[in-house]
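Here is a set of questions on how terms are applied to one protein model. Look at the sequence and structure before reading on.

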Amino acid sequence: MSQSKNNRELLEEIKLLIGTLKDQVADVKQDISKIKDTQFIHNMINKAKEDKKKYQIVEPKVESSSWFW
């Protein structure tokens, strides 16, 4: 009798631990998703910076000179 009660208590404890683990796994998955989103955003920003450098239009410098007047 006491063995089956002990088994039931252990089973309930295991169920609680599994529930806790499932919650923790869900939290980790959510954190990973946030990290991936952040990495994607940083990659897009870096690509935009590289593209800006690559395709940057350089305005000619106009210096005032005596021949222009």
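Q: In which helix is Met44 found?
A: Met44 is found in helix H1, which covers residues 2-54. The model is a predicted one, and the protein has one helix and zero strands.

Q: Why is Met44 called partly exposed?
A: Its relative accessible area is 45%. Buried means under 20% and exposed means over 50%, so Met44, at 45%, falls in between and is partly exposed.

Q: What makes up the nonpolar patch on the surface?
A: Phe40, Ile41, Met44 and Ile45 form the patch, with about 400 Å² of accessible area together. A patch residue needs over 30% relative accessible area, and Met44 has 45%.

Q: Why is the contact of Lys15 and Glu12 called a salt bridge?
A: The two side chains meet at 3.8 Å, N to O. The cut-off is 4 Å between a side-chain nitrogen of Lys or Arg and a carboxyl oxygen of Asp or Glu, so the pair counts as a salt bridge. Lys15 and Glu12 lie three residues apart in helix H1, about one turn of the helix.

Q: What makes Asp51 and Lys47 a salt bridge?
A: Their distance is 3.1 Å, N to O, and the limit is 4 Å, so this pair counts too. Asp51 and Lys47 are four residues apart in helix H1, and therefore separated by about one helical turn.

Q: Why is Asp51 called partly exposed rather than buried?
A: Asp51 has a relative accessible area of 25%. Buried means under 20%, so Asp51 is partly exposed.

How values were computed
Residues numbered from 1 in each chain as written. Predicted model: local features only at pLDDT ≥ 70, side-chain atom pairs only at ≥ 80, totals over all residues. Heavy atoms only, no water. Patch = residues over 30% accessible without salt bridge, like charges linked within 9 Å, V, L, I, M, F, W, Y side chains within 5 Å. Areas by Shrake-Rupley, 256 points an atom, 1.4 Å probe, with all protein chains shown as cover. Helix = DSSP H or I, 4+ residues; strand = E, 2+ residues; numbered from the N terminus. Buried < 20%, exposed > 50% of the residue type's maximum accessible area, 1.4 Å probe, protein only.
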